[in-house]
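Visitor: Could you take me closely through the aromatic contacts in one part of this fold, and then through the sheet around them? I would like the cut-offs stated as you go.

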Amino acid sequence: MSEKSNFVDQIRVFCRSGHGGAGSKHFLRTKFNAKAGPDGGDGGRGAHIILRGNKNLWTLLHLRYFKNILAENGESGSGNNCTGRNGKDVYIDVPLGTIARDEETGELEAEILEDGQELILMRGGRGGLGNARFATPTNQAPEHSQPGEPGEEGWKILELKVLADVGLVGFPNAGKSTLLSTITAAKPKIADYAFTTLSPQLGMVEYRNGRSFCIADLPGIIEGAAEGKGLGHRFLRHIERNAILLFLIPADSADHRKEFNILLNELKEYNPEMLQKDFVIAISKSDMLDDELKAAIAKELPADIPHVFISSVTQQGLTELKDLLWKVLNQ
């Protein structure tokens, strides 16, 4: 299968939680007392549908074949004050960084950020009360019990926003995949044409003393990505969760400052809050630059944003880049 079909970052599923069981309308009859009073038990609760974070999952691919998630109903109560069994809750395991929205209203209903975190997406209906609950001194033989409450149902949109410390931002062919494959063990597809990367790629960067941080290579942004051109719009949401954005600008770019401003503008158009993040600029493919050219390029770049010259091919500047990212991450 191609890499595109294996990375599923949005899926819609139909969910229905369980209905509550009905309360029982039962009267006890014994050998010596035909009217020993009401003893109808309560109905059981309908099953909940619960989202659960699982750090071993990276995409929503496993949900592609479960379009209908139907939870079990609670059982009805019975005589002898027996309560009906609760429905068995349904757990949907999702990768960390998943959000759930209601399809009709678009409202954000849940957000999973930690391993093992559980959030009820849809509540099961409550079980009805049995007639034993309605007995009073003046009404000792109540003839009524409650039906169970219905569960909830509807279409839900599950959306994954990649959780990474550093997001790589740049035009197609800026050298993002090459950098990722050099400083992590990830093996993204690398070729000399635009949009080689079709889905976000994650890699762990080993830092000193056994420490590490996570870096995500996102498909190339092009001018107009926020309006949906190229692949940009679909993947801009994955940048929302990164603490640092690493702008990768190739050394052979015609205008480094202009390229940075276009990228910045696309992020701003998509979500102005993106501009609150920490930025780092890396000039890639800089093994072909001498000191004079580096000084000239450095003058073009914004003074308030740290920058570093790197080359994935010759490993030049990669240690400085890791040091800089670690420093910004932990400041």
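Guide: Tyr-207 and Trp-326 are both buried, where buried means under 20% relative accessible area, exposed means over 50%, and partly exposed covers what falls in between, with a 1.4 Å probe and protein chains only. Please keep in mind that this is a predicted model, in which local features need pLDDT of at least 70 and side-chain atom pairs count only at pLDDT 80 or more, while totals for chains, interfaces and linings use all residues. Residues are numbered from 1 along each chain as its sequence is written, and side-chain values use heavy atoms, with hydrogens and water left out.

Across the whole structure, a search finds 4 aromatic pairs; rings of Phe, Tyr and Trp (its six-membered ring) pair if their centres lie within 6.5 Å, and planes under 30 degrees apart count as stacked, over 60 as edge-to-face and the rest as tilted. Tyr-207 and Trp-326 make a stacked pair, because their ring centres are 4.9 Å apart and their planes stand at 20°. This pair links distant parts of the chain, 119 residues apart: Tyr-207 sits in the loop between β10 (201-206) and β11 (212-217), and Trp-326 belongs to helix α6 (residues 318-329). Helices (H or I, at least four residues) and strands (E, at least two) are DSSP runs here, numbered from the N terminus.

For the rings of Phe-247 and Phe-260 the centres are 4.9 Å apart but the planes stand at 70°, so this pair is edge-to-face. Phe-247 lies in strand β12 and Phe-260 in helix α4, so the contact ties together parts that are 13 residues apart in sequence. Phe-247 is buried, as is Phe-260, and together with Phe-279 these two residues form one aromatic cluster.

The sheet that contains β12 has 6 strands, and it is an open sheet with mixed pairing in the order β10-β11-β9-β12-β13-β14. Two strands pair if DSSP finds at least two bridges between them. At the edges stand β10 and β14, each of which pairs on one side only. Neighbouring strands are turned by 25° against each other on average, direction ignored; axes are lines fitted to C-alpha atoms (for helices over the stretch in contact), and angles run from 0 to 180 degrees between N-to-C directions.

Strand β9 (residues 166-169) runs parallel to β11, to which 3 bridges join it, and Gly-167 stands opposite Ala-216 in β11.

Strand β12 (residues 244-250), which carries Phe-247, pairs with β13 in the parallel sense over 7 bridges, and across this pairing Leu-246 has Val-280 of β13 as its bridge partner. From β12 the chain crosses through helix α4 (residues 256-270) to β13, in a β-α-β crossover that is right-handed; that word applies if, with the strands pointing away from the viewer, the path from the first strand over the helix to the second runs clockwise.

Strand β13 (residues 278-284) is largely enclosed by the rest of the structure, because 6 of its 7 residues are buried. With strand β14 (residues 307-309), β13 pairs in the parallel sense over 3 bridges, and the bridge partner of Ile-281 in β14 is His-307. Here the chain crosses from β13 through helix α5 (residues 291-300) to β14, and this β-α-β crossover is again right-handed.

One backbone detail belongs to this second connection. Lys-285 lies in the loop between β13 and α5, and Lys-285 has a positive phi of about 55° although it is not a glycine. With a relative accessibility of 31%, Lys-285 counts as partly exposed, whereas Phe-247 and Phe-260 are both buried.
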